[in-house]
Structure formats: structure tokens, C-alpha cells
Amino acid sequence: MKEKIRAQRGTKDILPNEEYKWNFLKKVFESTAKSYNFKIIKTPVFEATELFNRSVGETTDIVQKEMYTFKDKGGRSLTLRPEGTAGVVRAILEHGLCNFMLPLKVYYLDTFYRYEKPQSGRYREFFQFGCELFGSNLSEADAEVMHFAFKILDELSLANYIELKVNSVGCSRCKKKYFHALHEYFELKKSALCQMCLERLQKNPARILDCKSQQCENISLNAPITLDYLCNECYQHFESVKDKLKNLKLKYTVDPKIVRGLDYYTRTVFELVDNSLGAQKTVCGGGRYDNLVKEMGGRDLPALGFGLGVNRLLLALENHNIKIKKDDNLDLYIINVQEDLRSCAVVFCRVLRENFISCECDLLGRSLKAQLKYADRICARFVLVLGSEELEKKEADLKNLKTREIKKISLKKYEFATQIIKILK
RNA sequence: GUGGGUAUAGCUUAGUUGGUUAAAGCGCCAGUUUGUGGCACUGGAGACCGUCGGUUCGAAUCCGAUUAUCCACCCCA
């Protein structure tokens with residue numbers, strides 16, 4: 001026997017029996033996006049490697065060790081997208097959308113790729129719903145984007161389990177000043193830091209704030225916080241953002257420890273956290289990136305957005321025992337009693353399908369009883385029994401499998417479909 | 001990349017101190033006198049016990065390696 005090839009590490013098949021979940025989520029995403037007037041944008045799975053190096057940041061873990069990078073046959077260095085914002089910014093610049101009508105509001109539901117060790121809520125191929133809003137530096141935009149993310153979770157009945165955490169990291173100048181202060185602070189306490197944090201001190205001192213060791217946590221208590229280093233404009237902006245959140249009756253907590261890992265963030269950053277999820281509990285993360293468009297070669301255009309982990313969303317729903325309603329079942333199963341009537345059933349199916357009725361007939365040569373049983377198993381709403389007697393009389397039994405009620409249906413050409421449609425509705 | 005747990009039919013698991021045909025439930029298929037499902041009963045298909053190597057007369061069981069998976073770290077959605 002040949003060895004079976006299995007799905008690659010950190011990837012997952014979505015099977016037919018889960019179709020209804022994805023259908024439902026897609027509907028929620030689409031309808032919510034529509035209510036905020038965000039429009040879909042579809043960008044390629046792979047981009048020039050350079051795009052991510054420049055936008056996400058050369059020093060980030062994503063770029064340094066998590067990207068699926070390869071050379072194509074023409075020698076180009078390509079990378080499977082590890083996040084959504086870079087590709088979207090590239091696309092809107094390429095098509096000049098930021099010279100068009102503003103604000104520009106787009107969303108996407110796509111797969112992303114990161115070479116990481118898989119664990120609960122973390123895959124190498126994962127689904128993310130995300131949105132980006134270009135052209136506004138008003139705090140109303142910040143509030144709207146956060147409200148959008150929250151609204152999706154609310155639609156999924158997760159609102160009660162979710163905490164919105166916000167912070168501001170300031171503009172590039174505030175950021176610089178802050179990181180300098182942070183570095184200085186921890187440099188003084190160096191001797192008490194854990195091994196991991198000594199490394200962080202070199203790479204990204206802000207990460208020390210997240211350390212789980214009690215020792216480091218204590219040291220972090222008195223560490224400088226971003227909010228104290230904001231320039232006047234950034235401070236005002238953050239105050240205004242909080243105001244607008246209150247205005248929308250969106251509950252939040254200010255968490256100075258939120259310092260997102262991607263380089264491009266400025267000013268507002270936020271996370272939606274579900275504490276039931278264990279280590280990977282950030283369901284949604286996002287913020288402003290006012291400098292990115294310019295850095296990518298465009299004009300000075302403020303922007304913000306978020307990414308929402310769909311796989312984590314499904315985990316959260318499971319954890320809170322929130323069931324997604326299954327799709328409607330098959331409308332009708334047409335049973336052929338005798339073997340030679342199968343082709344007849346096929347024709348009836350064809351007629352009904354032209355009217356967009358979901359129906360099926362036997363493809364396995366099963367007995368009457370087995371066909372009925374099958375129809376029951378797949379939860380068909382109705383069965384139509386087709387035998388030689390019925391064909392002679394031009395009349396067949398339409399049985400409601402739930403109520404067991406039987407109705408006579410004419411098999412005459414012009415009456416058949418209309419009668420069935422009437423009953424199915 | 002670093003730790004720890006796990007690996008037996010499609011799924012959930014049993015397998016006693018190594019002993020010959022690897023067990024059960026669910027699911028699947030068929031039948032219970034031949035034209036009406038869900039229940040019950042009977043039967044059937046389906047596993048080289050993750051892979052490779054070692055110890056042994058003998059390995060699902062012990063040892064080693066490898067791969068996958070789960071959990072945590074790192075990082076992030």
C-alpha cells in the first residue's frame with residue numbers, strides 16, 4: 001500500500017459537514033461590512049517579498065522568521081502574505097484609489113501564512129477577516145473601526161465574553177521618545193530581568209511589558225507608559241478617541257501594555273480579547289498606521305484597520321457553547337421504486353433544479369427502503385415516490401418526512417413543478 | 001526555534017506483568033418474506049496498532065530515532 005499524503009503541518013481541511021459554519025460567518029461579515037459601507041478587496045496570495053519587509057518591518061518576528069518566502073521560476077523573491085494590510089496598501093496605491101473618493105473603506109476575508117509552530121488558535125494557514133479605512137485622521141474613524149470589529153462579535157453573541165482594550169503609541173516622534181525611555185528604564189533594572197527579557201531589551205523593550213514572570217511583571221509596574229510620552233496632538237487625539245467610544249456606548253479599558261508587534265502602527269492601537277481562549281486569546285487586533293501609505297510611496301494619507309482571526313472566532317464560539325444554526329436541508333428526494341425508473345427520477349430532478357429546488361435522486365442503485373432511509377439521514381424535507389403505478393396514473397405521493405403527511409402530486413408536465421414549488425414554499 | 005503530553009478502524013476509546021485470529025460503541029453498508037424512513041434485531045465491510053530501527057523464541061505493549069498532533073514559551077489573528 002502506498003503511503004498516504006497528509007495535510008501539511010498547521011493546515012486544516014474544511015469539510016462539507018462544516019460548510020454551514022463558514023456560510024454563516026461569511027454572511028455576518030458581509031452584512032456587517034455592508035452596514036458600515038465597507039467594500040470587498042481581493043489581493044493575491046503572494047506578493048513581492050520586499051513589500052512585507054518594508055511595511056511590516058525588517059526587525060519583526062514575522063519578517064525575520066515566519067514568512068513563506070520562495071523564488072519563482074523567473075527568479076523573483078515572492079512571499080505568501082503573512083498579514084493583510086501590506087497587500088491592500090500596495091493595491092490601492094497601484095490603482096490610484098487614494099486619489100479617488102475618500103474615505104476609502106475596504107474589507108477582506110482571506111487566508112494568511114506564517115511559518116510558526118502550531119498550537120491552539122494558531123495555524124500556518126489561517127483565515128482572517130480584516131478591514132482598512134483610508135483618508136481620515138478624525139477620531140470618529142478610530143471609533144467606527146473599533147465599533148465595526150465589536151459589532152461582528154456582537155452579531156455572533158460573543159459580545160459578553162469580549163474585552164476591548166485600547167492604547168495609543170503616538171506618532172513616530174512619540175514612539176521614538178517612548179522607546180528610548182523604556183530602554184533606559186529597563187537598562188537600570190537589567191540585573192533583575194529574566195533571560196528572555198534581556199534579549200527583548202535589545203530587540204524590542206516594549207515586549208518586556210508582556211512578560212509573564214512575576215519578577216519582570218513587578219518591574220514593569222513602574223515602567224514608563226506610552227501615554228506619558230505622547231505629544232500634545234497625539235494626546236488630544238487619544239482623548240478624543242475615548243470620547244467617541246463613549247459616544248457609541250462601546251465599553252473599553254485603557255491598557256498601556258498594548259503595543260502591537262507590527263512596526264507600522266501609530267497612535268491608536270486596540271485588541272479584542274476573549275479570556276476563555278488560553279494563550280492565543282486575541283481575537284482581533286488593529287490600529288492606526290498614518291505613515292504607512294507615504295512610506296510605501298504614496299502621499300501622506302492617514303489610515304487604520306484591524307485583523308480578526310476567524311479560526312479563533314470559531315474556537316471562541318465553541319468555548320462558549322454558541323451553536324451556529326445549520327443550513328436548510330435538501331428540499332426533496334425523489335425515490336425510484338423500480339430500477340428502470342431511475343432515469344425518470346433523473347428527469348424530474350432536472351426539471352426541479354431549473355426552478356432552483358434542491359433535490360436528489362438515487363445514484364447508488366438502492367432499494368426503496370434504503371432510499372427512504374437515506375432521505376431521512378440527510379434530513380430531506382420531502383420525498384416523492386416514483387413507481388410504475390404512479391407513472392400510469394400520472395400521480396405520485398409527496399411525503400413530508402417530518403409530519404408523515406402524504407399529498408398526491410400530478411406528474412403532468414406543466415402541473416408537476418408548480419405544484420411542488422407551492423408546497424415547498 | 002525551546003519545553004512537556006499523545007499516537008490503535010471514518011470518529012471516540014479498550015487492550016491487564018510483552019504470548020499467537022487486535023476489542024467495543026458510534027458511524028457506514030446490507031437484510032428482517034420482496035412498494036414507504038426514524039426504533040429494534042441479525043449480519044457485513046473497514047486497522048499491516050503513525051513510520052523506521054533495536055531488544056526478544058515472540059512487540060500494539062519495552063528501548064531509540066523520526067514524523068504528526070495537542071499544550072505552553074516565543075510571537076501574533
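Two strands are taken to pair if DSSP finds at least two bridges between them. I also recall that strands of a sheet pair through backbone hydrogen bonds, either parallel or antiparallel.

**Entry 1: conventions.** I note that this is a predicted model, in which local features need pLDDT of at least 70, side-chain atom pairs count only at pLDDT 80 or more, and totals for chains, interfaces and linings use all residues. Residues are numbered from 1 along each chain as its sequence is written, and chains are lettered from A and ligands numbered from 1 in the order in which they are written. Helices (H or I, at least four residues) and strands (E, at least two) are DSSP runs, numbered from the N terminus.

**Entry 2: the open sheet.** I looked up the strand order and found S13-S12-S14-S15-S16, an open sheet of 5 strands with mixed pairing. S13 (359–361) and S16 (406–410) are the edge strands with a single partner each, so each has one side without a neighbour in the sheet. S15 (residues 395–400) is antiparallel to S16, with 5 bridges; I noted Asp397 with its bridge partner Lys408 in S16.

**Entry 3: strand S5.** I next examined S5 (residues 104–113). Of its 10 residues, 7 are buried, so the strand is largely enclosed by the rest of the structure. A residue is buried if 20 or more other C-beta atoms, placed from the backbone, lie within 10 Å of its own. S5 runs parallel to S1 (residues 39–40), joined by 2 bridges, and Lys39 stands opposite Val106. With S6 (residues 125–134), S5 pairs in the antiparallel sense over 10 bridges; Tyr107 has Cys131 in S6 as its bridge partner.

**Entry 4: helices H2 and H4.** I found that H2 (residues 49–56) and H4 (residues 85–94) pack at about 105°, with axes 9 Å apart. The two helices are therefore roughly perpendicular, a term for angles of 65 to 115 degrees. Leu51, Phe52, Ser55 and Val56 of H2 meet Thr85, Ala86, Val89 and Arg90 of H4, where contact requires C-beta atoms, placed from the backbone, within 7 Å. I sorted these contact residues into 5 nonpolar, 2 polar and 1 charged. Ala, Val, Leu, Ile, Met, Phe, Trp, Tyr, Cys and Pro count as nonpolar, Asp, Glu, Lys and Arg as charged, and the others, Gly among them, as polar.

Notes: Axes fitted to C-alpha atoms, helices over the stretch in contact; angles between N-to-C directions. Parallel < 35°, antiparallel > 145°, perpendicular 65-115°, else oblique. Contact = placed C-beta atoms within 7 Å. Buried ≥ 20, exposed ≤ 12 C-beta atoms within 10 Å, placed from the backbone.
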